[in-house]
Amino acid sequence: MRNTLLPLKIQERLNGMFARNLGFSGPQILDFFSRYDINIDSYPISGAPSRKQMFEDCLARFNRETQLKIISDLLEYDGPFKHGPPVSEDVDFLCKWLAEQSVLSVTTVTKSSGSISVTKPGIETMIHHADQEWDVFVSHASADKEEFARPLAKGLKDQKLRVWFDEFTLRVGDSLRRSIDKGLAHSRYGVVVISPDFLSKEWPQKELDGLMAREVDGRKVILPVWHNIDAKYLREYSPLLADRLATSSSKGLRQVIDELLEAMR
């Protein structure tokens, strides 16, 4: 299973640290990941994949924020490594990368036989922030649901992202306004499917206003997807929206999803 949520250089560094020359045995990999998903499957003794493939498959099951938590936990893991612990240079590299993702503060690394010790002065490690229940909110006009918005939301969900989408999230008896307000406020990103129908409806544009209100201090929240629309048409309605770098449904669903995942990294 290809992990599209981490940069390739990070995945390769993790493989070398935990599942190639050093790191876990196959059973240790399954045991470690079972703490995050009790349904992690065992592999048959005959025909089992390599440790590297097993490690990649297990990590790819989770959304990006959980993957970041898992990496942080790997750096603090104090259990046994059948093939030896990662070297401090690799641990330092990953700690610095996690700091760039706002996961770790400045980190001091010490290595002991068979385990890693990571100390994090200051800011406590935070992966799932209390105000971020979803990775992405999908804003769309109902007329675009069947053709594009639903397949897009499902495709993002298949990538292990937590997706706020009305059909996935709303239940009978829920307050529509309150549920949408919560989704807007507690999602890391807002994927906005901009189409002629979107621009002609009041409710989707209220959702857009809510997402725009969160873009303060240069923070990127809105990820536009053009659907059945071009820059000239959009510029007549909103020059600001037309000026944003966007992907387009004309590229195909798979390409749109890949570009959105890249923007979220």
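Lysine 251 is partly exposed, with a relative accessibility of 45%; the term covers values between buried (under 20% relative accessible area) and exposed (over 50%), computed with a 1.4 Å probe on protein chains only. Its partner in a salt bridge is glutamate 259, at an N to O distance of 3.0 Å. Glutamate 259 likewise counts as partly exposed, at 25% relative accessibility. A salt bridge here is a side-chain nitrogen of Lys or Arg within 4 Å of a carboxyl oxygen of Asp or Glu. By this rule the model contains 15 salt bridges.

The model is predicted: local features need pLDDT of at least 70 and side-chain atom pairs count only at pLDDT 80 or more, while totals for chains, interfaces and linings use all residues. Residues are numbered from 1 along each chain as its sequence is written, and side-chain values use heavy atoms, with hydrogens and water left out.

A further salt bridge joins glutamate 146 and arginine 150, at 2.8 Å from N to O. Both belong to helix H6, where they are four residues apart and so separated by about one helical turn; helices (H or I, at least four residues) and strands (E, at least two) are DSSP runs, numbered from the N terminus. Glutamate 146 is exposed at 61% relative accessibility, whereas arginine 150 is partly exposed at 26%.

Arginine 162 and aspartate 135 also form a salt bridge, their closest N and O atoms lying 3.2 Å apart. This pair links distant parts of the chain, 27 residues apart: arginine 162 lies in the loop between helix H6 (145-158) and strand S4 (163-164), and aspartate 135 in strand S3 (residues 134-139). Both arginine 162 and aspartate 135 are buried.
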